[in-house]
Amino acid sequence: MLLNLIKKELLIEFRSKQIILSMLIFGLAIILIFALSSNVSSEILSSYSPGMFWLMNLFIVVLGVHRSFAYEKEFDAFSLLVSAPINRGQIFLSKWISGFIFITTTQLIVIVPFFNLLLLDIPENLLLFILTSMLINLGMMAIANLVSGIVIRSNFSEILLPLLMFPLLSPLIIAATKISSAVINAHSYEVWNVWVLIVVSIVVLFGLAGYALFDFIVEE
Amino acid sequence: MNLFFNIRKNRIFTSFVAALFLINLVNIIFFTPMIADQHWAQKIFYVHVPSAWVGFLSYFVVMVSGFMLFIKNNDSWDDVGLASAEIGTFFMGLVLVTGPIWAKPIWGTFWIWEPRLTTTLILFLFYLGYFMFRSFGGNIERVRRQAAALGILAFINVPIIFLSVQFWEPEIQSHPQVEMTSQPEGILYPFIFSLISFTLLFVLMLRYRSYILKSRQTS
């Protein structure tokens with residue numbers, strides 16, 4: 001059943017291309033604004049770049065996750081989905097995994113323009129940068145999908161989503177910035193392994209919380 | 001439903017807490033020793049630290065109420081959760097006001113990204129969103145369950161926020177709460193007394209607010 005739910009998410013996105021395309025364009029627009037508003041030396045910009053990268057991701061995640069739940073509201077599809085005889089925790093898992101695929105795909109596309117438009121060198125250990133980003137994406141999407149599942153049927157879901165999500169994501173963003181900064185500057189793993197542990201704990205904690213609580217959250 | 005203060009035991013408990021708080025206030029202002037390099041600024045910690053304690057205690061109660069709502073499916077747990085969230089946010093606001101008042105003369109700046117203060121600020125912001133959600137969430141029954149889930153998520157995030165801020169700026173570790181425990185008796189005992197007064201005030205506020213919320217439902 002989980003595979004069918006993931007397939008459904010991917011199929012809808014494959015046909016409509018709403019989520020990845022909107023995240024991609026929004027991401028590029030943010031990079032443009034960053035590049036135009038950061039009239040500083042390349043050294044300063046380089047030290048700020050991990051934070052900027054995750055700030056951009058934060059914004060595009062809000063857009064993508066909200067869209068991923070918003071189309072379920074059309075024709076009241078979400079009510080039909082939660083009334084289906086399936087474990088609701090699996091609905092969360094399918095949203096989490098598909099969201100992870102969407103954000104990772106978007107990141108893979110914007111990563112080169114991000115460094116190029118900011119006139120920075122692409123990290124030498126790009127593969128490690130991408131792998132660590134994927135781990136962080138898992139944590140980010142766990143929290144984002146859980147909060148989105150909570151607020152989606154409220155009156156101002158597009159406002160409530162970032163209001164509730166950003167404070168919950170703040171430790172992850174600290175960890176993400178530290179990890180990306182360490183990878184870009186080629187620091188040894190001993191320096192930043194504690195941040196990986198923090199991200200892993202977020203993934204486990206919010207993944208389990210999402211799976212366990214989603215049933216109560218979406219109940220009619 | 002009877003008014004809260006029409007019930008005798010509530011009147012007695014309220015009088016007791018009010019007397020305790022008055023004694024606490026007089027004790028802090030007139031009888032606690034003056035620290036040489038901090039003067040009056042130090043006295044704010046008889047309010048600041050107990051406020052932080054009550055704030056975190058309140059959010060812990062929100063989490064417990066959330067679990068109880070899921071287990072027992074009894075709406076009165078939602079009243080307790082909401083009342084506790086309101087009280088917690090009030091005290092967290094107090095922490096965020098009293099902290100900078102102390103920090104400016106002592107550290108020379110209103111704000112430092114110190115782990116406890118940062119955790120307080122993040123929780124405070126989250127709970128402002130929580131109240132917005134409760135106002136605009138839609139279906140009341142569903143919002144109750146979802147708010148319970150938010151209360152659980154907020155509290156399980158506390159140790160992660162604390163640790164991440166601690167590792168983020170490890171050099172900023174000077175905090176009055178750490179110093180409080182190693183203070184001489186002249187400071188420690190009034191501090192413990194203040195802590196007890198604030199905790200009892202929290203119990204009173206929680207009982208009162210839960211009672212009001214419950215009576216609104218029944219009326």
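These legends walk through several close-up views of a predicted model.

**View 1**
Welcome to the core, a set of 106 residues. Ile143(A), Val147(A), Leu164(A), Met165(A), Leu172(A) and Leu150(B) touch the most other members. Helix H7 of chain A, residues 157-184, gives the most to this core, with 14 residues. For a closer look, pick out Val147(A): setting aside residues up to four places away in sequence, Val147(A) touches Leu161(A), Leu164(A), Met165(A) and Leu168(A).

**View 1. Where chain B meets chain A.**
Here 25 residues of chain B are in contact with 26 residues of chain A. On the chain B side, the elements that give two or more residues are helix H5 (115-136), helix H6 (140-156) and helix H7 (158-168). Sorted by class, that side of chain B has 17 nonpolar, 6 polar and 2 charged residues.

**View 2. Helices H3 and H5 of chain A.**
In this view, H3(A) (residues 42-73) packs with H5(A) (residues 88-117) at an angle of about 140 degrees, and their axes are 10 Å apart. The two helices are therefore oblique to each other, and their crossing is right-handed. To follow the contact along H3(A), look for Phe53(A), Asn57(A), Ile60(A), Val61(A), Gly64(A), Val65(A) and Ser68(A). Their partners in H5(A) are Lys95(A), Gly99(A), Phe102(A), Ile103(A), Thr106(A), Gln107(A) and Phe114(A). By class, this contact has 7 nonpolar, 6 polar and 1 charged residues.

**View 3. Helices H4 and H9 of chain B.**
Over in chain B, H4(B) (residues 76-107) and H9(B) (residues 185-218) pack at an angle of about 130 degrees, with 8 Å between their axes. That angle makes H4(B) oblique to H9(B). The crossing of this pair is right-handed. Ser76(B), Asp79(B), Val80(B), Leu82(B), Ala83(B), Ser84(B), Glu86(B) and Ile87(B) come from H4(B). They meet Phe202(B), Met205(B), Leu206(B), Arg209(B), Ser210(B), Leu213(B) and Lys214(B) from H9(B). The residues of this contact divide into 8 nonpolar, 3 polar and 4 charged.

**View 4. Ile122(A) in a loop of chain A.**
Find Ile122(A) in the loop between H5 and helix H6 (126-151) of chain A. Ile122(A) counts as exposed because it has 12 C-beta neighbours inside 10 Å, and a residue with 12 or fewer is classed that way. Leaving aside neighbours within four places in sequence, Ile122(A) is in contact with Val112(A) and Phe115(A). Val112(A) is 10 residues away along the chain, and its C-alpha atom is separated from that of Ile122(A) by 7.0 Å.

**View 5. Glu141(B) in helix H6 of chain B.**
Glu141(B) belongs to helix H6 of chain B. With 12 C-beta neighbours inside 10 Å, Glu141(B) is counted as exposed.

Ala186(A) is in the loop between H7 and helix H8 (189-218) of chain A. Ala186(A) is exposed, with 10 other C-beta atoms within 10 Å. In chain B, Asn73(B) is found in the loop between helix H3 (45-72) and H4. Asn73(B) counts as exposed, with 10 C-beta neighbours inside 10 Å.

Notes: Residues are numbered from 1 along each chain as its sequence is written. Chains are lettered from A and ligands numbered from 1 in the order in which they are written. This is a predicted model: local features need pLDDT of at least 70, side-chain atom pairs count only at pLDDT 80 or more; totals for chains, interfaces and linings use all residues. A nonpolar core is a set of buried Ala, Val, Leu, Ile, Met, Phe, Trp, Tyr and Cys residues joined through C-beta atoms within 7 Å. A residue is buried if 20 or more other C-beta atoms lie within 10 Å of its own, exposed if 12 or fewer, and partly exposed in between; C-beta atoms are placed from the backbone. Helices (H or I, at least four residues) and strands (E, at least two) are DSSP runs, numbered from the N terminus. Two residues are in contact if their C-beta atoms, placed from the backbone, lie within 7 Å. Axes are lines fitted to C-alpha atoms, for helices over the stretch in contact, and angles run from 0 to 180 degrees between N-to-C directions. Angles under 35 degrees count as roughly parallel, over 145 as roughly antiparallel, 65 to 115 as roughly perpendicular and the rest as oblique. A crossing is left-handed if the near helix is turned anticlockwise from the far one by less than a right angle, and right-handed if clockwise. Ala, Val, Leu, Ile, Met, Phe, Trp, Tyr, Cys and Pro count as nonpolar, Asp, Glu, Lys and Arg as charged, and the others, Gly among them, as polar.
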